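Hi everyone, thanks for making time this morning. Let me put the structure up, and then we can walk through a few of its features together.

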Amino acid sequence: MAEPGLAVRRRSRPASARKRSQAPAQLHHAAASPLASKRLSPGFEEAPAEPPVRAAEGECNNDSEEDMFGDYDSFCGNDSLLAQVDDMEQVYLRDKDTDIKAAGEFMLGNPQSGSDQRKQSDFSTSASAAVHKVERDDGFQRNENDLIDNNEEPGDVILDELPSSQFLYLEEMDELSSASKNSAGTKRNDNYMNSCLDKISSPSFCHVAEQRDGNTEVCKGSRCDLSKQESLKDHLKSAMTGNAKAQTLLVSKTKQLKEAVLSKEICVARKTIESSSDDIGPFYGLPSKVKDLLRQFRGIETLYEWQHDCLTLESLQQRKNLIYSLPTSGGKTLVAEILILQELLCRQKDVLMILPYVAIVQEKVWGLSSFGVELGFLVEEYAGSKGRFPPIKRRIKKSLYIATIEKGHALVNSLIETERIDHLGLVVVDELHMLGEGSRGATLEMTLAKILYASKNTQIIGMSATLNNVGDLQKFLQADYYTNNFRPVELKEYIKIQDTIYEVDSKAENGFTFSRLLSFKYSSNLEKADPDHIIALVTEVIPKYSCLIFCPTKKNCENVASMVCKYLNKEFRAHREKEKQDLIKNLKTIGNGSICPVLKYTIPFGIAYHHSGLTNDERKSIEEAYSAGILCLLACTATLAAGVNLPARRVILRAPYVAREFLKKNQYKQMIGRAGRAGIDSAGESILIVQEKDKQLVQDLVNSPLENCYSNLLPEFTKGIQSLLLSLVGLKIAVTLEEIYSFMCCTLLGVQQQLLSKEKSLLDIIKEGVKNLIENGLLKGKISEKDHNSQSILTITQLGKATYKGSIDLAYCNALYRDLKKGLEGLVLESNLHLLYLATPYDMIYNCNPDWMIYLRQFNQLSAAEQKVADIVGVPESFITKKASGQAIRKNVDTGIINRLYLSFVLYTLLKETNVWSVSEKFNMSRGYVQSLLTSAASFASCVLHFCEELEEFWVYKALLTELTKQLTYCVKAELIPLMEVAGVLEARAKQLYNAGYKTLAHLANANPETLVKMIEHLSRRQAKQIVSSAKMLLSEKAEALQEEVDELLRMPTDIPGAC
């Protein structure tokens, strides 16, 4: 309904209740019906029963029309509306002469008599009383915490079944009643009756008197022919009949009521937040529906005490930046999500959430899409090749951008460039400690520094489980700090040396106290196979509880999984046997009939490995099986600790190493933080297996503080400070040395500049970087060696602009430009091989070692035109042939070009076959590496596209790279791409959905989750709901984007020549 105050839910009634009795005695019974009694306003006198003559007159009406209204014509008491109208009409006819006389008195300014006022207001009072009662009842419903239940008694909601025509009539009666009270003595009874008639139905009804320019004249000569004139009752019934027959929109009243409640609570919350009141509304300034959704989607009934304390911090109420730190599994993310919802719903601002890995971004998009669909905001993915720059400016809905570190940086650049950075109300950074980790840390630092400098209204929230030098981070982010040691499940740390287990105890002299000896009996053969007693440690918990074993390398993961299965009892195979067989079938489907021999052997025991050698589909299937308890043990690498959330009862660290490097404290904390599952386990355990030679190092490890977080702008020169300097000038944030220095002092590097060597100051480093950019043709300007306060303005070249907008590593930008320029001389378009060569990432070519026999075989399978590509890029056939036959080669060929062409062969084969398994076998590569190459190529192709968009000479590449990027992103047959655009739907699932008849995004968005569960194998109810929610979100996002284009086309220009 248009008016929220009149939003009343309508319930269906039995057919018998819809019809009135045709008997006069029933139609005009003196006593009110129970429903009518309930509708009677307090203090409203019951009208007397109508005379029998009235009933007889009423029986002359058309029965079918009368039945359409059922028992809805009674607005109050036991009087029908139509009966009251008849009464008023009769009184009017009897007293018309008196009325005319009264009209003459009104002209002279005489006040209306009390009896006349009562007649005029009698009917309007009865009508308005009903309206007021509806409003009171509706207000009562809105104050309830839970939405109205469908099982309420009929009497719970007053007037819940009134037709819309009667609601409109009530509103008009109420308005007219108010007007008559405010202007008593100025209008006549006839005027009021005629205005009612005009508004309800009959423009032809005779006016007895009318006002013109303050002079009221009585139509003395006009007399209505009452024999020809329809009665007011007939007019009213005619109008109500037409309204009843009119087609109405099939919109659920319950849904309208829910939306009205949600809208009202959001408005209240918004006002509350703006006023910074202590009363923060039903759920931390959010509508109570958010609490219901957390219960429905996450199973969260109440917040932890620390979460409440954090959300009610004075700093958050004042919109200050905040860093908060808690142990892993403490519930940090929920606090961030509540703050995000506050920003989107209450403050109506966009939000950016930065996460470290693509997999986590996809998981978060998958998880928050359901909230977006229910609460009316958009969730947009910025990872890999996905994301628009700049993002679409939405008309109504606000957007939550969920991005990787790199994509988040590009997004912020585009918002600054289009002067929309103030539209970003909140930036949330997960794993803030990554500021200190290589090139990705440098990129994150640049992003946050730009936000702080360019927007004073954007709030920054950073969270991490492993922070130490918080003071530097607080100074950099201008933030308050909150910390707590809370863990929902107690964590007990142990180390194992030989067959003895020690508990980590900071109070003990050497940091350890004796706990127990292993009681597992080992045979001599088992002792040789398992000297670290891994089998003894895992059999104490599996299969009843879950266990993770962190291994130093990928190969070690597979070996440990196989070894454990070799010595397990066969009883382990019986645990959830059917579900494990289903998992094997699913993995075979993913591999088009192929499955890893190790997984085929270990899964029947409930054991698997998890590392980057798995394809995306395989990894997702294994994670889901582990979360469901089908798998009880995963042998994994350290990447799992920083990736998706897979907790366990016991975590075992196979050795204190990651690859060949000794474990860092931050890594150790991340791994052991996976121990203990909230709501499932009463305690979590971590056991670090230590060799005697490493005992002292481990002792230092467990007792040492966390590593400090240092700026990586300098160590990562081309991806760090040079990239930052280039974008500062390009975005016009700082265009002189003085402005650049002022900006750099606000970075983490600026905060920590006391750590720089004495030989070079921060200003010296800036000047060196700017000079280098000018020499490489990326900037233009002059730098004086002596003048430290030079006001010389720097400008960016087109190549420089293309480099920073394409997020191209400065180490490769000139090589990319040369390759693209050379490609224009003879671009081979017979196939996409030449384009794939240009889209192959530079940073992967140095880890490639070609198999020359495979190289020659693949080259020979190319067409003549495709073989020409090798010649164009600089790898002649003779060179490949000689390398394959082992002959000496005198001519030097660039190794980078050789390797890049080989990788482009891999991508070319992959796009043709769309099967990672078969391609990995052809090129003798791990399927995980092939998957990684594909993902990197898709991302790099997107970067090259943005690079070309800024250089007019490369216009030809734009359309070609747009299509290539799409192919690399999904690497499936064209018909599956619409399904794979949905978050969480990978190739295997897309094939299942397509074969089941769900062939478009619209099919998925309108699917019934229960039907999906029945039709799609190995799909849980939770997954089905999330797929539908994600599809709805994507569909809504695309519809909004199209509407934006429409609005932009129809928007009137403000600079029309000759316009006033």
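**Helix packing and salt bridges**

Let's begin with two helices: α31, residues 721-730, packs against α32, residues 737-744, at an angle of about 125°, and their axes are 11 Å apart. Before going on, please keep in mind that this is a predicted model. As for handedness, α31 and α32 make a right-handed crossing.

Now to the charges. Side chains of opposite charge can pair when their charged atoms come close. How many salt bridges does a search of the whole structure find? The count is 31.

Here is one of them: Glu 618 with Arg 927, where the closest N and O atoms are 2.8 Å apart. Glu 618 belongs to helix α27, residues 616-627, while Arg 927 is in helix α43, residues 927-949, so this pair ties together parts that are 309 residues apart in sequence. Are these two partners buried or exposed? Glu 618 is buried, and Arg 927 is buried as well.

Next, please find Lys 1038 and Glu 981, whose side chains form a salt bridge at 2.8 Å, N to O. This pair also links distant parts of the chain, 57 residues apart: Lys 1038 sits in helix α49, and Glu 981 in the loop between α45 (977-980) and α46 (987-995). Lys 1038 has a relative accessible area of 37%, so we call this residue partly exposed.

Arg 1051 is partly exposed, because its relative accessibility is 46%. There is also a network: Glu 417, Lys 801, Lys 805 and Glu 950 are joined into one by salt bridges that share partners.

Let me finish with something nonpolar. Which residues make the surface patch of about 350 Å²? They are Val 1046, Leu 1049 and Leu 1050. Val 1046 lies in helix α49, which spans residues 1021-1050. With a relative accessible area of 37%, Val 1046 is partly exposed, and the cut-off for patch residues is over 30%, so Val 1046 passes on accessibility.

How values were computed:
Residues numbered from 1 in each chain as written. Predicted model: local features only at pLDDT ≥ 70, side-chain atom pairs only at ≥ 80, totals over all residues. Heavy atoms only, no water. Patch = residues over 30% accessible without salt bridge, like charges linked within 9 Å, V, L, I, M, F, W, Y side chains within 5 Å. Areas by Shrake-Rupley, 256 points an atom, 1.4 Å probe, with all protein chains shown as cover. Salt bridge = Lys/Arg side-chain N within 4 Å of Asp/Glu carboxyl O. Helix = DSSP H or I, 4+ residues; strand = E, 2+ residues; numbered from the N terminus. Buried < 20%, exposed > 50% of the residue type's maximum accessible area, 1.4 Å probe, protein only. Axes fitted to C-alpha atoms, helices over the stretch in contact; angles between N-to-C directions. Left-handed = near helix turned anticlockwise from the far one by under 90°.
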